[in-house]
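Here are my notes for your first look at this model. Keep the structure open as you read and find each residue in turn.

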Amino acid sequence: MSLPALIGDIGGTNARLALVYPGEVTPHDIINLPCADYPGVVEAVQDYLNRVGAVGQNAPQEACLAFACPVHAERVKMTNNHWDFLKSDVQQALNLSLFKVINDFTAQALGVPHVAAKDLVEVQPGTSQAHATRLIIGPGTGLGVAGVFPGQHAWIPLPTEGGHVTFAPTDDTERAIVDIFKQHHARVSVERVLCGQGLLELYQAHCRLAGIAPQLNHPADVTDAAKQGDELAIAALLRFLKILGDVCGDATLTMGARGGVYLCGGIVPRLLDWLPNSELCSAFTNKGRMNIYNADIPIWVVTAPWTGLLGAAEALHNEEVY
């Protein structure tokens, strides 16, 4: 059997590494390594390869690694950890004949077409057009936004910085929330609201509007308190999902995402029980004259654990990914 290739999905905290055999996208020998334990990506990869026995004549000659930071330049500097490297240095150190570096949300987008149906939870039914763009969007540490289009020969990723567009409030409550956010942020982007820290700040804003001192200090505390019936935590959580629906609807119109909307990231899969009672779908379709356009577009939550690794495997020999 031919040598497997190295694939990875690397964030600010963890480096998820795996191997993939030629012609396949299914990862195996998956190991999650804490980035803080290693001086850089080369040391982390070498440790991984030693652990799985892919060394010497068995060492991968090809690799595709996805990073949660800008990757367009030769130098890659991680946003939320100390890793800082030149692509050519890594390729030489690991003796790779092929080395691709992609953004982590490009990997999410390229992975979505390979996600099994059992790992998709329907939020809004609709008709998915086969030859149309798919929107991939996901709140987590930040807000990732990307597209993927079915080209004639390969999936074409559409990277964006859509998380940094300006947040547009749609009612008096959201206008008041923006005013509170502006006391801490010079500009309020959608990412300021639709991320873990944003959920916490939404809760704090609701407390301030109610004239009550906040009791919670972490994003996870907000979801836990909501489950326990805390009214302000519930209000913040439902507002978060409503705003997510607004943003998804706008991005769908901008991208022409008739292929469907896929909600990824670390937050939404944990909120599945809240989605039926939220305004996510109504906000998604509340686009005036374009209401009918959005109402027929399906929305899914992606619950697959390895979507980024699937995307890295897809990107490895995808002629549209450089």
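**Notes on the predicted model**

1. Start with Asp 119. Asp 119 sits in the loop between α3 (104–111) and β8 (120–124). Helices and strands here are DSSP runs (H or I, at least four residues, for a helix; E, at least two, for a strand), numbered from the N terminus. Is Asp 119 buried or exposed? Asp 119 is buried, with a relative accessible area of 16%. Buried means under 20% relative accessible area, exposed means over 50%, and partly exposed lies in between (1.4 Å probe, protein chains only). Which residues does Asp 119 touch, not counting residues up to four places away in sequence? They are Val 301, Val 302, Thr 303 and Ala 304. A contact means heavy atoms within 4.5 Å.

2. A word on the basis of these notes. This is a predicted model, in which local features need pLDDT of at least 70, side-chain atom pairs count only at pLDDT 80 or more, and totals for chains, interfaces and linings use all residues. Residues are numbered from 1 along each chain as its sequence is written, and side-chain values use heavy atoms, with hydrogens and water left out.

3. Now step back to the whole protein. The protein has 11 helices and 13 strands. Its radius of gyration is 21 Å, close to the 20 Å that the globule rule gives for 322 residues, so the protein is as compact as a globular protein of that length. The radius is taken over C-alpha atoms, and the rule is 2.2 Å times the number of residues to the power 0.38. Along its principal axes, the C-alpha trace spans about 65 × 45 × 35 Å.

4. Look at burial and surface next. Of the 322 residues, 51% count as buried. The accessible surface comes to about 14,900 Å², and 49% of that belongs to carbon and sulfur atoms. These areas come from the Shrake-Rupley method with a 1.4 Å probe; for residues, only the protein chains shown count as cover. Among contacts between residues at least 6 apart in sequence, 66% join residues at least 24 apart.

5. Helix α3 deserves a check. Phe 105 is in helix α3. At 10% relative accessibility, Phe 105 counts as buried. Leaving aside neighbours within four places in sequence, Phe 105 is in contact with several residues, including Ile 136, Ile 137, Val 145 and Cys 264. The C-alpha atoms of Phe 105 and Leu 3 are separated by 27 Å, and the two are 102 residues apart along the chain.

6. Thr 106 counts as buried, at 8% relative accessibility. Apart from neighbours within four places in sequence, Thr 106 is in contact with Pro 157 and Pro 159.

7. Turn to the aromatic rings. The structure holds 2 aromatic pairs. In one of them, the rings of Phe 67 and Phe 85 have their centres 5.1 Å apart and their planes at 50 degrees, so the pair is tilted. Rings of Phe, Tyr and Trp (its six-membered ring) pair if their centres lie within 6.5 Å; planes under 30 degrees apart are stacked, over 60 edge-to-face, and the rest tilted. This pair links distant parts of the chain: Phe 67 is in strand β4 (residues 62–67) and Phe 85 in strand β6 (residues 84–86), 18 residues apart. Phe 67 is buried at 0% relative accessible area, and Phe 85 is buried at 9%.

8. Find helix α11 (residues 307–316). Why is α11 described as largely enclosed by the rest of the structure? Because 10 of its 10 residues are buried. Among them are Leu 309, Leu 310, Glu 314 and Leu 316.

9. Finish with the backbone. Most residues other than glycine have a negative phi. Asp 29 has a positive phi, near 55 degrees. Asp 29 lies in strand β3 (residues 28–34) and is partly exposed, at 39% relative accessibility. Asn 95 has a positive phi too, near 55 degrees. Asn 95 lies in the loop between α2 (87–93) and β7 (98–103) and is exposed, with a relative accessible area of 63%.
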